[in-house]
Amino acid sequence: MGDGGQLYPTYTDDLCQAMRQLAWHAEVLTPNLTEAAILTGQAYAGQAPSDEAVQALLTALLDRGVKYVVLKGIERGEEVVNFVAGQDIKTEQISGPLYPEKLHGTGDLFASVLTAALMSGHSLAAAVRTATDLVYQAMFVSARQPDYAMRGVSFESLLGQVAKLA
């Protein structure tokens, strides 16, 4: 839907409204901060919001019927923190090193690895840890390739790790 406080150019108001309606039926929702703000109608608080602002987003998403939320990409110094919350679990923070650059496709990769880990029987927290680690590795691998900033995240060489989740 968006990133850095901005909607992607392909998203219209009608599409955002439709995404809201779809999101409220999610078992596991994995928004970044921009997407969480768009979905809840709250103001975007930047990439390093206060714990209170994070909790307000999590509560707003869970109050609308989402069973589990992984609010991803919160910057805390040299770490990236993903907040895991649910209707029947205590909020947990899962962090990893913050890669110094942004790359296209990391949110999609995160959600894909998270889903693979969940479908392989891992707990939500373990799945978030796996996705966090693999995305960081993929960013590191990507930076070694020509024109990586234009191409987005490269993960193909890491797919063996996903296959071993079962």
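Select Val-70 and display its surroundings: apart from residues up to four places away in sequence, Val-70 touches Val-28, Leu-29, Thr-30, Pro-31, Asn-82, Phe-83, Val-84, Phe-110, Leu-114, Leu-124 and Val-128. Contact here means heavy atoms within 4.5 Å. The model is a predicted one, in which local features need pLDDT of at least 70 and side-chain atom pairs count only at pLDDT 80 or more, whereas totals for chains, interfaces and linings use all residues. Residues are numbered from 1 along each chain as its sequence is written, and side-chain values use heavy atoms, with hydrogens and water left out.

**The nonpolar cores**

Next, colour the largest nonpolar core, which has 23 residues; Val-70, Leu-109, Leu-114, Leu-124 and Val-128 touch the most other members. A nonpolar core is a set of buried Ala, Val, Leu, Ile, Met, Phe, Trp, Tyr and Cys residues joined through side-chain atoms within 4.5 Å. Buried means under 20% relative accessible area, exposed means over 50%, and partly exposed lies in between, with a 1.4 Å probe and protein chains only. Two or more residues of this core come from each of β4, α4 and α5, and α5 gives the most, with eight residues. Helices (H or I, at least four residues) and strands (E, at least two) are DSSP runs, numbered from the N terminus. Apart from this core lies another, of 22 residues, which includes Ala-23, Trp-24, Ile-38 and Ile-74.

**The sheet and its helices**

Now show the strands. Four of them form an open sheet in the order β3-β4-β5-β6, with mixed pairing. The edge strands, each pairing on one side only, are β3 (28–29) and β6 (89–97). Two strands pair if DSSP finds at least two bridges between them.

Select β4 (residues 68–76) and β5 (residues 79–86): these strands run antiparallel and are joined by seven bridges. Within this pairing, Leu-71 stands opposite Phe-83 in β5, and Ile-74 has Val-81 in β5 as its bridge partner. The hairpin of β4 and β5 has two residues between the strands, and Gly-77 takes a positive phi near 65° there.

Move on to β6. Seven bridges join β5 to β6, and these two strands also run antiparallel. They form a hairpin with two residues between them, and Val-81 stands opposite Ser-95 in β6. β5 is mostly covered, with seven of its eight residues buried.

**Asn-82**

Select Asn-82, in strand β5. Asn-82 counts as buried because its relative accessibility is 3%. A polar atom of its side chain lies 3.0 Å from the backbone nitrogen of Gly-73, and its side chain makes a polar contact of 2.8 Å with the side chain of Thr-132. A polar contact is a pair of N or O atoms within 3.5 Å; within protein, one must be able to donate a hydrogen and the other to accept it, and residues adjacent in sequence count only if both atoms are side-chain atoms. Leaving aside neighbours within four places in sequence, the contacts of Asn-82 include Val-70, Glu-92, Phe-110 and Val-128.

**The aromatic pairs**

A search of the whole structure finds two aromatic pairs. Select Tyr-8 and Tyr-11: the ring centres are 6.5 Å apart and the planes are at 55°, so the pair is tilted. Then select Tyr-99 and Tyr-136, whose ring centres are 5.9 Å apart with planes at 65°, so this pair is edge-to-face. Rings of Phe, Tyr and Trp (its six-membered ring) pair if their centres lie within 6.5 Å; planes under 30 degrees apart count as stacked, over 60 as edge-to-face and the rest as tilted. Tyr-99 lies in the loop between β6 and α4 and Tyr-136 in helix α5, so the pair ties together parts that are 37 residues apart in sequence.

**Helix α2**

Finish at helix α2 (residues 33–40), where eight of its eight residues are buried. At its start, a side-chain oxygen of Asn-32 reaches to within 3.0 Å of the backbone nitrogen of Thr-34. Gly-41, with a positive phi near 80°, follows α2.
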